[in-house]
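Please look over the model below before reading on.

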Amino acid sequence: MATPVVTKTAWKLQEIVAHASNVSSLVLGKASGRLLATGGDDCRVNLWSINKPNCIMSLTGHTSPVESVRLNTPEELIVAGSQSGSIRVWDLEAAKILRTLMGHKANICSLDFHPYGEFVASGSQDTNIKLWDIRRKGCVFRYRGHSQAVRCLRFSPDGKWLASAADDHTVKLWDLTAGKMMSEFPGHTGPVNVVEFHPNEYLLASGSSDRTIRFWDLEKFQVVSCIEGEPGPVRSVLFNPDGCCLYSGCQDSLRVYGWEPERCFDVVLVNWGKVADLAICNDQLIGVAFSQSNVSSYVVDLTRVTRTGTVARDPVQDHRPLAQPPPNPSAPLRRIYERPSTTCSRPQRVKQNSESERRSPSSEDDRDERESRAEIQNAEDYNEIFQPKNSISRTPPRRSEPFPAPPEDDVATAKEAAKPSPAMDVQFPVPNLEVLPRPPVVTSTPALAPKAEPAIIPATRNEPIGLKASDFLPAVKIPQQAELVDDDAMSQIRKGHDTMCVVLTSRHKNLDAVRAVWTTGDIKTSVDSAVAINDLSVVVDLLNIVNQKASLWKLDLCTTVLPQIEKLLQSKYESYVQTGCTSPKLILQRFLPLITDMLAAPPSVGVDISREERLHKCRLCHKQLKSISGLVKSKSGLSGLHGSTFRELQLLMASLD
């Protein structure tokens with residue numbers, strides 16, 4: 001018998017150029033795991049078939065960058081929310097605009113389709129949640145309760161509840177039938193990025209930027225367990241279809257968790273960076289991530305992943321694994337969702353047969369029809385995916401095949417794992433992992449100019465801006481040449497790059513000097529020393545530490561830091577700008593009530609030195625914040641992550657006026 005080919009557990013499937021400008025949002029179709037929708041700063045929504053290089057359809061109509069997209073469960077409708085607050089719904093089968101929904105005052109951060117009825121929920125940076133009826137083209141209800149941007153919305157499997165996660169560190173549960181909030185789940189210490197309902201039980205999972213995942217009991221409205229120690233902010237979670245475990249898309253890894261008790265079953269290295277969405281199909285987990293205009297897709301073979309049983313040791317971080325008490329087989333299950341029957345209570349989708357029935361008679365719909373287009377760029381894939389849904393077939397639909405896995409690179413691993421197994425008798429070909437460019441689209445728009453160097457240098461990038469990595473590496477070694485020792489290799493790398501070494505050495509000395517003062521416990525003096533060094537990189541490193549603990553901020557510290565924050569906001573480096581936006585948020589949340597009260601208070605009678613000093617600091621902070629407010633207002637029109645961050649900061653600074 002031939003030696004079986006051992007395949008990888010996780011691999012990169014493909015990378016595509018999804019938009020002419022930066023990608024700002026994307027979503028996977030959960031039913032098929034094969035349909036991908038992307039929204040970009042070019043105001044378009046593009047649809048792709050996973051592992052195929054060509055765009056199926058391009059949807060236009062939005063006049064500002066698309067911040068959020070969502071597919072409904074049958075993958076027949078798609079909704080997209082823009083930076084201006086408008087929402088558009090397209091019918092993918094008819095390849096045309098269905099509805100335009102207006103009402104939010106800021107950019108749309110989150111969307112979700114109701115699992116049964118034709119309803120859409122939207123969450124915005126204006127802190128409001130709205131429930132829309134697509135058929136009647138109107139807002140059914142508005143939910144108020146969050147104090148900051150709503151980052152994620154999810155309907156419960158039975159369609160009776162709506163869970164919301166926001167930057168105010170809370171998760172809220174809304175009763176759709178009563179139109180009010182059922183419960184609030186505090187506990188996270190950072191913005192909550194994602195929530196997910198258990199497919200069967202009354203259980204909710206939430207992931208936050210504080211690197212924790214919390215599980216909530218929806219009968220008792222209390223926390224079940226909390227998983228800490230994630231390698232980065234939690235942005236995507238997904239329950240297994242049978243509900244046995246939870247998958248968490250972490251930085252460059254997939255983690256598999258249980259919750260009663262909390263434990264980690266497995267950790268799979270994937271190298272997908274910051275994964276944006278997950279889906280499961282054919283015992284494979286599909287993950288997608290985006291960077292600038294590129295979108296990458298990855299596959300994890302779940303048949304080779306531990307989903308129950310013993311606790312896995314983390315290959316990424318060397319920490320003690322979570323304790324795993326023996327399971328209690330007699331523990332009762334939670335209440336199960338009662339899904340409406342398909343024959344009586346489930347609202348059926350109305351199928352319009354004629355053009356007049358599909359379109360609303362209003363003139364506004366006529367304008368939407370003219371402004372919005374669906375450009376079918378790949379008719380063959382479009383007909384294969386969307387058109388057969390309306391036709392009657394007497395044979396069961398063909399099930400999509402799992403993606404073939406490439407063989408293991410390590411021969412030793414293959415020999416060790418080579419065991420007779422019927423699942424390994426077939427040798428699959430290695431998929432092509434080259435970056436495939438988008439085909440040219442035939443439109444009246446002039447050709448795009450070559451991509452110039454970005455005005456803002458991103459914090460995460462595959463290669464340095466303006467530098468060639470090959471210039472820093474030694475020449476290719478000749479086979480006959482003796483092997484280089486470490487000292488020789490380092491000397492070759494440093495050759496011709498003394499200036500860079502001097503800069504890094506100087507920065508290291510500056511950080512050591514600031515750290516020496518920090519260890520004494522005098523934070524104000526350490527910040528003063530960092531400012532005196534006149535190196536923004538040192539200020540950024542120090543602020544990133546102070547921002548992690550809001551209690552470290554004092555009023556006299558603000559007077560020193562605010563002028564430096566104004567410099568950071570004008571920097572061309574993304575990491576500097578993001579740090580420069582985080583610090584004033586914390587300052588406003590902590591000291592804005594004090595500053596406004598002190599400035600509005602009448603003059604004191606007598607001499608109060610401490611009050612006069614506090615008043616002087618408040619006046620100085622107010623003046624500096626007003627200066628920063630003007631800068632933030634001028635940058636709030638930017639697109640992408642920067643524009644969204646500046647607009648959020650502008651809302652917080654509105655009370656300064």
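Are Phe239 and Trp259 buried or exposed? Both Phe239 and Trp259 are buried (under 20% relative accessible area; exposed is over 50%, partly exposed in between, with a 1.4 Å probe and protein chains only).

1. Basis. This is a predicted model, where local features need pLDDT of at least 70, side-chain atom pairs count only at pLDDT 80 or more, and totals for chains, interfaces and linings use all residues. Residues are numbered from 1 along each chain as its sequence is written, and side-chain values use heavy atoms, with hydrogens and water left out.

2. The sheet. Four strands form an open sheet in the order β22-β23-β24-β25, and the pairing is antiparallel. Its edge strands are β22 (237–239) and β25, each of which pairs on one side only. On average, neighbouring strands of this sheet are turned by 25° against each other, direction ignored. Strands are DSSP E runs of at least two residues, helices are H or I runs of at least four, and both are numbered from the N terminus. Two strands pair if DSSP finds at least two bridges between them. Axes are lines fitted to C-alpha atoms, for helices over the stretch in contact, and angles run from 0 to 180 degrees between N-to-C directions.

3. Strand pairs. β22 meets strand β23 (residues 246–250) in the antiparallel sense over 3 bridges. Here Phe239 has Leu246 as its bridge partner in β23. Strand β24 (residues 253–259) and β25 are also antiparallel, over 7 bridges. A hairpin of 2 residues joins β24 to β25. Tyr257 is bridged to Cys264 in β25.

4. Burial of β25. Strand β25 (residues 262–269) has 6 of its 8 residues buried, so it is largely enclosed by the rest of the structure.

5. Aromatic pairs. The structure holds 9 of them. Rings of Phe, Tyr and Trp (its six-membered ring) pair if their centres lie within 6.5 Å; planes under 30 degrees apart count as stacked, over 60 as edge-to-face, the rest as tilted. The Phe141 and Tyr143 rings have centres 5.0 Å apart and planes at 40°, so this pair is tilted. Phe141 is partly exposed, at 35% relative accessibility. Tyr143 is buried, at 2%. Phe239 and Trp259 pair edge-to-face, with 5.5 Å between centres and 90° between planes. That pair links distant parts of the chain: Phe239 sits in strand β22 and Trp259 in strand β24, 20 residues apart. Phe141, Tyr143 and Trp174 make up one aromatic cluster.

6. Cores. The largest nonpolar core has 41 residues; Trp553, Leu562, Ile565, Leu569 and Met653 touch the most other members. Such a core is a set of buried Ala, Val, Leu, Ile, Met, Phe, Trp, Tyr and Cys residues joined through side-chain atoms within 4.5 Å. Elements giving two or more residues include α7 (523–533), α9 (555–569) and α12 (640–653). α10 gives the most, with 10 residues. A second, separate core of 28 residues includes Ala205, Ile213, Trp216 and Tyr257.

7. Contacts of Trp553. Leaving aside neighbours within four places in sequence, Trp553 is in contact (heavy atoms within 4.5 Å) with residues including Leu543, Cys558, Ile587 and Phe591.

8. Phe119. Phe119 lies in strand β11 (residues 119–124). Its C-alpha atom and that of Cys139, 20 residues apart along the chain, are separated by 9.6 Å. Residues up to four places away in sequence aside, Phe119 touches Asp112, Trp132, Ile134 and Val140, among others.
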